[in-house]
Amino acid sequence: MTAHTQIAVIGGGLVGKAAAVASARAGFKTVHIAPAAPEDRRTSALMQPSVDYMRAAGLLDDPDASGVPLRRIRIIDATERMLRAPETMFDARETGVDAFGWNFANTELNARFAASGDALADLSTRQASLSTASRDGALWSLELDDGTRLTADLVVGADGKKSRVRELAGIGVREKVYRQSALVCDLDLGRALDGESVEFHYPNGPFTLVPAGGTKANLVWIDLPDTLEAARADIETLKRALLDKSQHLFGALNPLSASFIFPLSSLSVERAGKDGAVLVGEAAHAFPPIGAQGLNLGLRDVANLDRCLSAANPAAWGWADGVARSYAAGRKDDLTRTGLFVDGLFTSLLSPHLPAQALRTAGLWSLNAIPALRRRAMAFGLGQ
Ligand SMILES: Cc1cc2nc3c(=O)[nH]c(=O)nc-3n(C[C@H](O)[C@H](O)[C@H](O)COP(=O)(O)OP(=O)(O)OC[C@H]3O[C@@H](n4cnc5c(N)ncnc54)[C@H](O)[C@@H]3O)c2cc1C
């Protein structure tokens, strides 16, 4: 006999784990379909609202125990263009808090989210991939690549940029592939960042050092793939490139880990849910890693799903359709404005055109000069 579950969450990344925990904690029998995946060696800057949600949802206890506080963000225009922006500093204290958020290792978050899931009786996990699915009436029939079949009322697609759930649910997607990639690695610096994230804005993308405690930092360097590959040809070449890119401000930058390169694209969907299926995380939205928005937005998806599930009546026929409808309506504005914000920020930085450069420079001048505007921009960055 085919097993039945109320909710099937597809995808074992951080957003999938968080969604599976939220579904089971909301009282729904949940199966998490999560194939084995390579270790995620990135780090995530998660803002205060995301941390508040993780704590309320039982995903994290004390952020200071596992993350490093982000107190300031410094932007340095390193473009050498005719219209250059002034150096701009955002200080969390201006918004009345001590830190914008915390920088966490994804390995740490993955371990904590998995431990939260292990403690829930209504949650079971299958280490498999979704092969195919179809919907008959109000029920999804799923087939996994290990031959398992199951039915579910609600399917949660947390299966990343190439989402199979999105395709099977017939949800339209727009994708833009950038010429740039991002190189990440862990570094030891000549001097501590002391809670300050430093972004050097170069014409091909930012070079960002995120504090990781003491003299440690996590690097996110966005540039053309050939440049990144050439820079990591050998350790001495990489060290010279890092010193140069950081404008010698932090002494020698010594890599503490291997480097990983991620191709960059942005992605948006026509709607985030329909017909008993919802999309969360990169299945619904993706953009370049600037302004630390991706996982923060993914956790806001999960928080919204959580609210929709709490309001649902699982005894009513077709309840999952109602959840998909209210979830899609609830996510529409946030997904649109965050996507426009990150894409606009990235495009204006890369643009070779003078009007776009002038606009960006004027924007940073205004942020520097007008504290109220700066506070509004910081609140927006926090997702408020
Ligand atoms: C370099 C870099 C730095 C970043 N830094 C930050 C940051 O500081 N702050 C921030 O907020 N965001 C950041 N992001 C964005 C953030 O990492 C992503 O938004 C987040 O990891 C997306 O998680 P996800 O679970 O949605 O997707 P993924 O992590 O891609 O997980 C999708 C999962 O689905 C699985 N899957 C795929 N197909 C199937 C299938 N058919 N069946 C079952 N499972 C399937 C995959 O195996 C995978 O495990 C960064 C991104 C990059 C590239």
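## Basis of the Description

Contact here means that heavy atoms lie within 4.5 Å. The model is predicted, and local features need pLDDT of at least 70, side-chain atom pairs count only at pLDDT 80 or more, and totals for chains, interfaces and linings use all residues. Residues are numbered from 1 along each chain as its sequence is written, and side-chain values use heavy atoms, with hydrogens and water left out.

## The Loop at Leu120

Leu120 is found in the loop between helix H4 (106-118) and strand S8 (123-126); helices (H or I, at least four residues) and strands (E, at least two) are DSSP runs, numbered from the N terminus. With neighbours within four places in sequence left aside, Leu120 is in contact with Val21, Ala24 and Arg25. Leu120 and Thr30 are 90 residues apart in sequence, and their C-alpha atoms are 9.9 Å apart in space.

## Overall Composition

The chain has 11 helices and 20 strands. Of its 384 residues, 52% are buried, where buried means under 20% relative accessible area, exposed over 50%, and partly exposed in between (1.4 Å probe, protein chains only). Among contacts between residues at least 6 apart in sequence, 72% join residues at least 24 apart.

The accessible surface of the chain comes to about 16,900 Å², and carbon and sulfur atoms account for 54% of it. Such areas come from the Shrake-Rupley method with a 1.4 Å probe; for residues, only the protein chains shown count as cover.

## Nonpolar Cores

In soluble globular proteins, nonpolar side chains tend to be buried together. A nonpolar core is a set of buried Ala, Val, Leu, Ile, Met, Phe, Trp, Tyr and Cys residues joined through side-chain atoms within 4.5 Å. The largest such core has 77 residues, and those with the most contacts inside it are Met54, Leu142, Leu154 and Val156. At least three residues of this core come from each of domain 1 (3-41 + 106-175 + 267-360) and domain 2 (68-94 + 178-263), with bounds taken from an automatic or database domain assignment. Apart from this core lies another, of 22 residues, among them Phe200, Tyr202, Leu219 and Trp221.

Leaving aside neighbours within four places in sequence, the contacts of Leu142 include Ala8, Ile10, Ile33, Leu130 and Val155.

## Pocket and Cavity

On a 1 Å grid over the protein atoms alone, a cavity is a set of points where a 1.4 Å probe fits but cannot get out, and a pocket is an open set with protein on both sides within 12 Å along at least five of seven lines; lining residues have an atom within 4 Å of a point. Grid points are joined across faces, edges and corners, and a volume is the space filled by probe spheres set on the points. The second largest pocket has a volume of about 450 Å³. Of its 22 lining residues, the closest to its centre are Arg174, Ser268, Val269, Leu335 and Thr336. Helix H9 (319-350) is one of the elements that give two or more residues to this lining, and H9 gives the most, with eight residues.

One cavity of 30 Å³ or more is found in the whole structure. The largest cavity holds about 40 Å³ of space and is lined by Arg41, Val184, Cys185, Asp186, Ser257, Ala258 and Phe260.

## Positive Phi Values

Most residues other than glycine have a negative phi. Asp194, which is not a glycine, has a positive phi of about 55 degrees. Asp194 is in the loop between S12 and strand S13 (196-202), and counts as exposed because its relative accessibility is 57%.
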